[in-house]
Amino acid sequence: MRLALTQSDWLQPLRGLARGDLSAFPWRPVLFPMLGILAFLLFWAQTAPMINTSLGQFPGPAQVYEQVGNLWAEHRAEQARAEEFYQRMAEMNERRMAADPDYVPRERSYSGRTTFIDQIFTSLKTVMMGFAIASLIAIPLGIVIGLSGGLYQAANPIIQVLKPISPLAWLPLVTLVVSAVYVSDNPMFSRSFLVSVFTVTLCSLWPTLINTAVGVGNTSKDLVNVSSVLRLNWFTHVRRIVLPGAVPMIFTGLRLSLSIGWMVLIAAEMLAQNPGLGKFVWDEFQNGSSQSLSRIMVAVLVIGMIGFVLDRIMLALQRLVSWDKSAVLR
Amino acid sequence: MNYLHIDHVSMEFPTPKGPFKALDNVDLRIGKGEFVSLIGHSGCGKSTVLNIVAGLLQATRGGISLDGKEVDSPGPDRGVVFQNHSLAPWLTAYQNVELAVRQVFKGRKTRAEMREWIRHNLALVHMEHAMNKRPDELSGGMKQRVGIARALSIEPKVLLLDEPFGALDALTRAHLQDSLMEIHADLGNTVIMITHDVDEAVLLSDRIVMMTNGPAATVGQVLEIDLERPRDRVALADSSHYNHYRQEVLRFLYEKQRKVEDFPQQQQRRQAGGMVGETRRRTVGAG
Ligand SMILES: Nc1ncnc2c1ncn2[C@@H]1O[C@H](COP(=O)(O)OP(=O)(O)O)[C@@H](O)[C@H]1O
Ligand SMILES: [Mg+2]
């Protein structure tokens with residue numbers, strides 16, 4: 001519903017414009033962002049040719065745009081090849097079965113090149129999983145810590161020390177622990193996936209944990225008194241009194257966590273050579289062709305846009321669960 | 001006269017500078033259906049007394065017994081109305097009362113009975129028309145009405161009101177006082193109300209308990225208000241009895257227990273050595 005609303009908000013002035021009604025057009029919210037983007041593109045286009053690297057000139061907007069097309073075309077080509085592969089396999093199995101009814105059809109999966117688009121989805125899946133695990137730990141733990149002054153004081157020094165640790169420091173530990181602990185003949189997840197996921201979890205745990213604890217701890221004293229006069233049980237107290245008031249803080253934490261998780265993931269993928277956008281960037285860097293810089297720029301921009309979209313999704317989610325629909329969220 | 005017994009209660013708060021004795025030997029017996037006001041200067045310990053009765057604070061010495069039983073933790077037999085409405089801002093007026101009713105009457109009332117009961121209590125405080133509004137859509141007086149409805153809805157043995165109308169304008173306050181008198185006449189609740197408003201105390205109470213200034217505050221004087229009910233504020237304005245009671249309370253507050261405080265400004269000046277002679281000024285704190 002919110003989406004529909006924003007759409008009609010956007011369309012309204014355009015309809016006015018179509019009728020030739022220029023004054024109705026809200027220039028500021030449309031024009032200023034456009035001007036900003038335009039200024040950025042101009043600046044980029046002007047300065048890029050002045051920077052010479054060992055891989056040639058730094059790419060401008062035009063070269064980068066060209067690579068967007070290339071990367072998409074590569075992905076389509078790879079998809080077509082995969083389809084062809086599966087079709088051939090199906091045909092072959094059919095032929096063999098026709099010749100020999102006892103033949104057990106062989107299923108192999110296509111192992112082609114991972115394209116840029118594949119890497120995007122890998123990274124998205126990884127960050128979602130890591131963030132989900134972090135939230136499932138951080139929110140309940142934050143509630144428990146926030147409800148008890150003593151627990152908060154006990155946990156605070158540990159949290160404060162663990163919080164600023166870089167993902168690059170966690171990575172070797174996580175890698176070794178996952179390799180040692182996660183031994184399975186038929187693994188559901190690949191090890192590299194889990195290493196990335198847990199690294200994201202470890203780094204994106206803290207903002208949600210701290211903000212939840214603080215939000216819960218800030219529950220109005222009067223409401224806590226009301227709750228104890230009524231003798232609400234722990235669960236009702238949390239659900240009806242504590243959580244609704246803590247929602248804004250929890251979401252502030254969740255949004256921080258998700259953006260940190262996304263940043264951490266790219267770094268972890270680069271360092272550990274785990275599948276994802278980070279690996280794509282690293283591979284292009286190692287590859288060192290004349291197109292590499294442009295392709296890295298595409299990845300960089302996509303990383304930024306995905307981060308932005310993820311944050312907007314969280315914001316929409318916050319609007320959905322927040323009781324105070326009039327609160328200005330940004 | 002022994003329904004609620006505040007039994008020789010003393011209260012010490014631990015502070016960084018050592019224990020602070022807020023209450024010393026407060027002893028008070030209240031009868032069933034009695035309306036008692038606690039009056040005293042700001043900071044003397046009225047809220048502390050009320051919170052001990054509510055079970056939200058534990059007395060260092062002495063205790064509370066209600067209807068023959070010792071009470072030392074909060075419970076729905078003592079409904080509390082705080083000065084700042086203390087409604088959950090994410091619940092409507094109805095839902096705020098519902099939260100209390102569901103908790104207290106679960107298993108004893110059916111869903112339909114509960115709905116009826118919530119409406120009934122909102123009607124008592126004249127808030128039926130706005131029951132689906134959230135606190136931020138209600139005026140201060142309306143919020144306080146809902147708070148009272150919530151406290152009434154759990155049918156407490158004692159209703160504890162901590163300056164319930166302190167934050168309201170005079171006109172709204174008068175309306176709410178009338179509502180409270182009506183409710184008290186209908187339901188015969190036992191009430192302890194903290195106030196710093198002398199007229200409010202005289203108009204509403206059967207007894208006014210006047211507290212001495214802290215630290216180590218205690219009951220200074222108890223005044224029986226022997227005015228016929230129902231009481232009418234306009235008629236009483238001319239009553240000599242009424243005015244006599246008023247004067248008694250005023251005399252206690254402003255002569256016997258007048259509050260002497262330094263003005264910070266004058267303190268500074270004195271420190272600077274600029275002023276000689278009388279630098280003290282009487283201030284009467286309220287609220
Ligand atoms: N938790 C506390 N810790 C320390 N001192 C307190 C605490 N609560 C109240 N006091 C002190 O006890 C005295 C009485 O407070 P209170 O009962 O709130 O006064 P009143 O309600 O009459 O204005 C005040 O001097 C106040 O500073
Ligand atoms: Mg007080």
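Is Trp27(A) buried, partly exposed or exposed? Trp27(A) is partly exposed, at 41% relative accessible area (buried is under 20%, exposed over 50%, partly exposed in between, with a 1.4 Å probe and protein chains only).

## Basis

This is a predicted model, in which local features need pLDDT of at least 70 and side-chain atom pairs count only at pLDDT 80 or more, while totals for chains, interfaces and linings use all residues. Residues are numbered from 1 along each chain as its sequence is written, chains are lettered from A and ligands numbered from 1 in the order written, and side-chain values use heavy atoms, without hydrogens and water.

## Chain A

Trp27(A) lies in helix α2 (residues 27-47) of chain A. Helices (H or I, at least four residues) and strands (E, at least two) are DSSP runs, numbered from the N terminus.

## The open sheet of chain B

Strands pair through backbone hydrogen bonds, parallel or antiparallel. Here, pairing requires at least two DSSP bridges between two strands. In chain B, four strands form an open antiparallel sheet in the order β2-β1-β4-β5. β2 (18-30) and β5 (69-71) of chain B are at the edges with a single partner strand each, so one side of each has no neighbour in the sheet.

Strand β1 (residues 4-15) of chain B pairs with β2(B) over nine bridges, and Leu4(B) stands opposite Ile30(B).

## A parallel pair in chain B

β6(B) and strand β7 (residues 158-162) of chain B are parallel, with four bridges. Arg78(B) has Val158(B) as its bridge partner in β7(B). On strand β6 (residues 78-81) of chain B, Arg78(B) and Val80(B) on one side and Gly79(B) and Val81(B) on the other are all buried.
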